[in-house]
Amino acid sequence: MFSLTVRDHMMIAHSFNSPRFGPAQQLHGATYIVDVTFFREQLDADDLVVDIGLASEQLKAVVNEFNLTNLDAREDFKGRNTTTEFMAKVIFDQVAERIRSGALGDEAKEVSRLKVSLSESHIAWATFENAL
């Protein structure tokens, strides 16, 4: 299995809706390092997993939707806790859709698996990984 990872980052504000989050129930900020790993069984005709430029460009477009925003203000996240785990799945879904739409090139449609990791710090991160 071959893989290629691209990285970006985003800064967001959010709060959580449960006493288990303690002081994080108040509005606070987070900076995430976002890693997206693309997996495929065989390299394409140019010996690539995906075009790294297109992958970086598409990841940038996805994180820009959230960067410097208050996630609590988004209608599509109402009633949810925008935890690191939740946001990893959100980014997974958006990158997967871009692969299916051809935004990463037709060759990227052979990507068989995707992994999205959001790191909150050097000691804590969350990942969502699944087949495409």
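1. Leu-68 sits in the loop between α1 and β3. Helices here are DSSP runs of H or I with at least four residues, strands are runs of E with at least two, and both are numbered from the N terminus. The phi of Leu-68 is positive, about 60°, although Leu-68 is not a glycine. Leu-68 is exposed, with a relative accessible area of 65%; exposed means over 50%, buried under 20%, and partly exposed in between, with a 1.4 Å probe and protein chains only.

2. On the source: this is a predicted model, in which local features need pLDDT of at least 70 and side-chain atom pairs count only at pLDDT 80 or more, while totals for chains, interfaces and linings use all residues. Residues are numbered from 1 along each chain as its sequence is written, and side-chain values use heavy atoms, with hydrogens and water left out.

3. Asp-47 lies in the loop between β2 and α1. Asp-47 has a positive phi, near 60°, and is a residue other than glycine. Its relative accessible area is 57%, so Asp-47 is exposed. For context, most residues other than glycine have a negative phi.

4. Helix α1 (residues 52-64) packs against helix α2 (residues 84-101) at an angle of about 135°, and their axes are 10 Å apart. Axes are lines fitted to C-alpha atoms, for helices over the stretch in contact, and angles run from 0 to 180 degrees between N-to-C directions. That makes α1 oblique to α2; angles under 35 degrees count as roughly parallel, over 145 as roughly antiparallel, 65 to 115 as roughly perpendicular and the rest as oblique.

5. In the contact between these helices (heavy atoms within 4.5 Å), Gln-58, Leu-59, Ala-61 and Val-62 of α1 meet Ile-91, Gln-94, Val-95 and Arg-98 of α2. The residues of this contact are five nonpolar, two polar and one charged. Ala, Val, Leu, Ile, Met, Phe, Trp, Tyr, Cys and Pro count as nonpolar, Asp, Glu, Lys and Arg as charged, and the others, Gly among them, as polar.

6. Strand β4 (residues 113-119) is mostly covered, with five of its seven residues buried. Strand β2 (residues 28-40) pairs with β4 in the antiparallel sense over seven bridges; two strands pair if DSSP finds at least two bridges between them. Ser-117 in β4 is the bridge partner of Asp-35, and Ser-117 also stands opposite Thr-127 in β5. β4 and strand β5 (residues 125-131) run antiparallel, joined by seven bridges, and a hairpin of five residues connects them.

7. Strand β1 (residues 2-14) pairs with β2 in the antiparallel sense over 13 bridges.
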